[in-house]
Amino acid sequence: MAAFDPFSDQLVVEDGEIDYSFDPFSALDVEFRDKEKELSLLKLHRPKVSLKFEDLSVTAVQKNGCFRKQQQQKQILKNISAVVNSGQLLAIMGPSGSGKTTLLNLLAGRLSASSNLVGSGRITVNGKRRDPGSFKKLSAYVMQDDHMFADLTVLEQISISAKLRLPNNISKEEKERRIEAVISELGLSGVKNSFIGSETKRGVSGGERKRVSIGTELVTDPSLLFLDEPTSGLDAFNAHNVVQTLVRLARNGRAVVMTVHQPRSNIFSLFDMLLLLSEGQIVYFGPAKDALSYFSALGYNCPDHFNPADYFLDLISVDVRSSQLERNSRGRVAYLHRAYNEFLLSTEGKMLTQAEAAIEEESIQETDVTKISKYAYPYWKEFLLLLSRAWKLLVRERGVTLIRAAQTMIFAVLLGLIWLNKGRNVSSTNYIDIEGILFFILINQSFISIFGTVFTFPLERSIVLRERASGMYRVSAYYLSKTLVEVPRSILFSLFFCVVLYWMVGLRDSARSFFLFLVVIFLTSLTAEGIALTVSAGAPTPQIASAIIPLFLVVSILFGGFFLSNAQIPNYFVWLKYMSFVKYSFGALMHIQFDNCQFQIPASDCVVCDGNEVLKTSGTTDFSLGGNIGLLITIMMIFRISAYVVLRIRGPRYDKNL
Ligand SMILES: Nc1ncnc2c1ncn2[C@@H]1O[C@H](COP(=O)(O)OP(=O)(O)OP(=O)(O)O)[C@@H](O)[C@H]1O
């Protein structure tokens, strides 16, 4: 017989165990149970695992002092040993700064190789030292922040992950069934056609978003699932729902490891195993349900009706509000560390940190993991999939596109009205105005292109970094697809701008001049975007990127040939002139307007002024029209390729020693 427990919102069966698959608020659960049989048929060959870690320690090496010569070492984790088996949900819990994320990253093989952290110890999978390559295929990592495209639907997000990562030899129908199965397993069927959304765009709820994030990783059916604070930022209901989902995933034969800061009691009751960390050391590892009696035996009794998680956190936190409180709490934590080390020596303690013998014997065949090859698709197929996603996103980015189109038109009309017909009356006295107009047009285009990129790309970069870390695709395929989709939009914006402005101002009246003008404006936009992409790809934060970019832009404008004549540039800065893309754009525009052009002195009939003289006076004769355009293309290519290289280099690299 089973009864509903109103306090835990669970169906409790006769022997007192909780039926985790029951969720009174989710009708989708019924669907889940119906699909369970189907799911087992769809499983890739998922090996059972026992992840054992022994004596893990991590030290941070910090450099201090004026010239960062003094080295300081800080121990972040010390002698951590535990084990997690398929079918279990292990929660790593502890106060802020206790080392939860560092431990999770270390276990997931995601301790950054470039950071100042040095790890030691032994991590084995089914009794064998883990191999980084196969471990990556066996496991999945769900980051704390859900980096996903707001404009994709739940189904699209999970589909693209499945299509890019599932082996190529699985048929299309089978992949689709698998996608449906994951969606159903995560209880997302009801919202599969809803947009994911973001902070600014209404989409699925926080809990659903987290489950989409899990689904994105779950499509390869990993044996091990790592999650960094999956409940952070969620309300109590959603947090509970997500952890219930994780319990189900564990019950389906996976090992699930998650960090958690301060769970509610109904969430705490869902954990199978608990690892309590304080000051980088374990104070408890064992079944979550035994933790109360363990601490009780040490003289720490949790009051009745008190959330055990809150009680444990109070117990193991160092209180720094006063020196007295700090002394007392440090003493208590040191006692708990000693007690745990003694417990480890007992038979019970030794048993707890042993891997499950049955699983240990089941060695993971290389074929189990090599079935999921590094990249599922050949390059061109991967590129086409990413191209179709990039196109979808571009079309759905209607708001941004409309704003950019409106901005382009407003500037074109505004500048056109300010300088209406100026170009139709060029004379020896006002040609300098045309120089100013051309230069301003370039500044305007550069700013629009740079800021259009610098505010949108950092978000996309974080998504790409996450997808790369999961080994979804090659960066070059992504970058090529993005460029190919965005270039036509840039051409369209440049065309709008030029058609309106060129004829309103009345610049040189020839189709050839107009076409060349359009080409130069387009190339200038592409170069400016390339600069923004390179800096944004390399800068650690968008704030740093937006601080660096004006430096590039202002120097390019300053040495662009309008504000400083060649004679005014000091010898030691001449090289800056050649690095300025604005110089080549400006040179090209001047040639388009004035090459072999002749115009009159006002009130005089005879031709007295030669455009080539104007070019000489303005100092734009360093290169011919072709030379300027060629150099502009070169700079544009350098920045566009640099953006790709930086994106590749900045990709995550992990310490593979453990
Ligand atoms: N690269 C690093 N260099 C120096 N110290 C570090 C580094 N990474 C982490 N730490 C320190 O190690 C300690 C543990 O950090 P970690 O992020 O693992 O803690 P946490 O328990 O996950 O904290 P939170 O719950 O606040 O996220 C903190 O004191 C942190 O400042």
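Biologist: In which sense do strand β12 and β13 pair, and over how many bridges?

Modeller: In this predicted model, strand β12 (residues 273-278) runs antiparallel to β13, and six bridges join the two.

Biologist: How many residues lie between β12 and β13, and which residue in the turn has a positive phi?

Modeller: The two strands make a hairpin, with two residues between them. Glu-279, in the turn, has a positive phi of about 50 degrees.

Biologist: Let us turn to the overall fold. How many helices and strands does the protein have?

Modeller: There are 25 helices and 15 strands in the protein. To read how the chain folds back on itself, one may look at the sequence separation of contacting residues. Among contacts with a separation of 6 or more, 76% are between residues 24 or more positions apart.

Biologist: Which domains does the domain assignment give, and what distance separates their centres?

Modeller: Domain 1 comprises 28-50 + 84-113 + 127-370, and domain 2 comprises 385-648, according to the domain assignment. Taken over C-alpha atoms, the centres of domain 1 and domain 2 are 49 Å apart. Their contact takes 12 residues from domain 1 and 12 residues from domain 2. On the side of domain 1 that touches domain 2, helix α4 (residues 154-165) gives the most, namely five residues. That side of domain 1 consists of five nonpolar, two polar and five charged residues.

Biologist: How many residues surround the ligand, and which are the closest?

Modeller: The ligand is surrounded by 16 residues, of which Ala-60, Ser-96, Lys-100, Thr-101 and Thr-102 are the closest. A shell of this kind may also be read by the elements that supply it. Here β4 (50-64), β5 (70-85) and α2 (100-107) each contribute at least two residues, and α2 has the largest share, with three residues.

Biologist: How do the residues of that shell divide into nonpolar, polar and charged?

Modeller: The shell around the ligand contains three nonpolar, 11 polar and two charged residues.

Note on methods:
Residues numbered from 1 in each chain as written. Predicted model: local features only at pLDDT ≥ 70, side-chain atom pairs only at ≥ 80, totals over all residues. Domains from an automatic or database assignment. Contact = placed C-beta atoms within 7 Å. Helix = DSSP H or I, 4+ residues; strand = E, 2+ residues; numbered from the N terminus. Nonpolar A, V, L, I, M, F, W, Y, C, P; charged D, E, K, R; others polar. Near = placed C-beta within 6 Å. Pairing = 2+ DSSP bridges.
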